[in-house]
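Student: Please take a close look at the aromatic rings in this one. Then follow them to whatever lies around them.

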Amino acid sequence: MAGQLVNMSELAGHVSDGSTYHLPGFLGHEITLPSFCGLQITRFMATELVVALLMILLFVPLAWKMRTGKPLKGRFWNLLEVFLTYLRNEVIIPSIGKKDADRFTPFLWTLFFFILFCNLAGLVPWFGASPTGAIATTVVLSLATFCVLVGSGMKKFGVVGFWVGQVPHMDVPLVMGVFLKPMLFVIEVVGLIVKHVVLSVRLLANMFAGHLVLAVMLGFIAATADHLVLWLGVTAASVMMCVALNMLELFVAFLQAYIFTFLASIFIGMAQSHH
């Protein structure tokens, strides 16, 4: 029973961050990540670094190819172009408007592909859970969106004009306006913050929950290890369920990256116009 409990705890560690990579037996048991100047490198940090390098290796050559003005050749480059064109034409322009869309397209493209690649990294065996299953990662992504929203809004309308514009225009007597407008200002600002908090929690919950369910399904195998017949049946069922759930997780990886980018573009678009 003690061995089973240990296995269950190891499986639970799959959905959390750590400083080691657990590998299959023929590759060695685990790899401990180094630390620099007292800062411990974790699995999520290493994954995010790999994702950032991968994006540079993919999109810098793509940008060079697109600068020539010639049609891209090759199925892979055409696939990336399809993603980029769809996001710009079907997500960013309708949300922000054609006039301002191109200013925010690089940021939103980067946001989408960073989230997508982090989500997909969590499906790679022994690579660890997705970094987007950690609150620190999703909060930073939402905070970046919030900073772009507020910064661009203040640049367009001015610091005072942007914050005053959060209150809807109301034709009310002066006495009522003195009471109503400050209350509405607080409500609008709190609502703006809550929107970005929910944005981070939505991504966190979906990615964390998916990996947790996979860990639980695999945990059933360890829990029945003492009974051979039961173990064989549970193992077969668990493996089939994990395969099906991984297919679902593959869809969720794309869906959550799209939803985050879509909502981020809507929030930024709202900041480009007053109520």
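Tutor: Nine aromatic pairs are counted here; to pair, rings of Phe, Tyr and Trp (its six-membered ring) need centres within 6.5 Å, and their planes are stacked when under 30 degrees apart, edge-to-face when over 60 and tilted otherwise. The model is a predicted one, where local features need pLDDT of at least 70 and side-chain atom pairs count only at pLDDT 80 or more, while totals for chains, interfaces and linings use all residues. Numbering starts from 1 along each chain as its sequence is written, and side-chain values use heavy atoms, leaving out hydrogens and water.

Start with Phe59 and Phe113. Their ring centres lie 4.8 Å apart and their planes meet at 55°, so this pair is tilted. Phe59 sits in helix 2 (residues 43-67) and Phe113 in helix 4, so the pair ties together parts that are 54 residues apart in sequence. Helices here are DSSP runs of H or I, at least four residues long, strands are runs of E, at least two, and numbering goes from the N terminus. Phe59 and Phe113 are both buried, meaning under 20% relative accessible area, with exposed over 50% and partly exposed in between (1.4 Å probe, protein chains only).

Now compare a second pair. Phe162 and Trp163 have ring centres 5.0 Å apart and planes at 75°, so they count as edge-to-face. Phe162 is buried at 1% relative accessibility. Trp163 is partly exposed at 24%.

Go back to Phe59 and Phe113. Both belong to one aromatic cluster, along with Phe83, Phe112, Phe117 and Phe254.

Side chains of opposite charge can pair when their charged atoms come close. There are three salt bridges in the structure, each with a side-chain nitrogen of Lys or Arg within 4 Å of a carboxyl oxygen of Asp or Glu.

Take Arg88 and Asp102. They form a salt bridge, and their closest N and O atoms are 2.9 Å apart. Arg88 is in helix 3 (residues 75-96) and Asp102 in helix 4 (residues 98-121), so the pair ties together parts 14 residues apart in sequence. Arg88 is partly exposed at 26% relative accessibility. Asp102 is partly exposed too, at 45%.

Next comes Asp100. Its side chain meets that of Arg103 in a salt bridge of 3.5 Å, N to O. Asp100 and Arg103 both lie in helix 4, three residues apart, or about one turn of the helix. Lys156 meets Asp100 as well, in a salt bridge of 3.4 Å, N to O. This pair links distant parts of the chain: Lys156 is in helix 5 (residues 135-157), Asp100 is in helix 4, and 56 residues separate them. Together, Asp100, Arg103 and Lys156 make up a network of salt bridges.

Is Asp100 buried or exposed? Asp100 is buried, with a relative accessible area of 11%. Its two partners are partly exposed: Arg103 at 46% and Lys156 at 41%.

Finally, step back to the whole chain. It has eight helices and four strands. Along the sequence they run α-β-β-β-β-α-α-α-α-α-α-α. Of its 275 residues, 37% count as buried. Among contacts (heavy atoms within 4.5 Å) with a separation of 6 or more, 68% join residues 24 or more positions apart.
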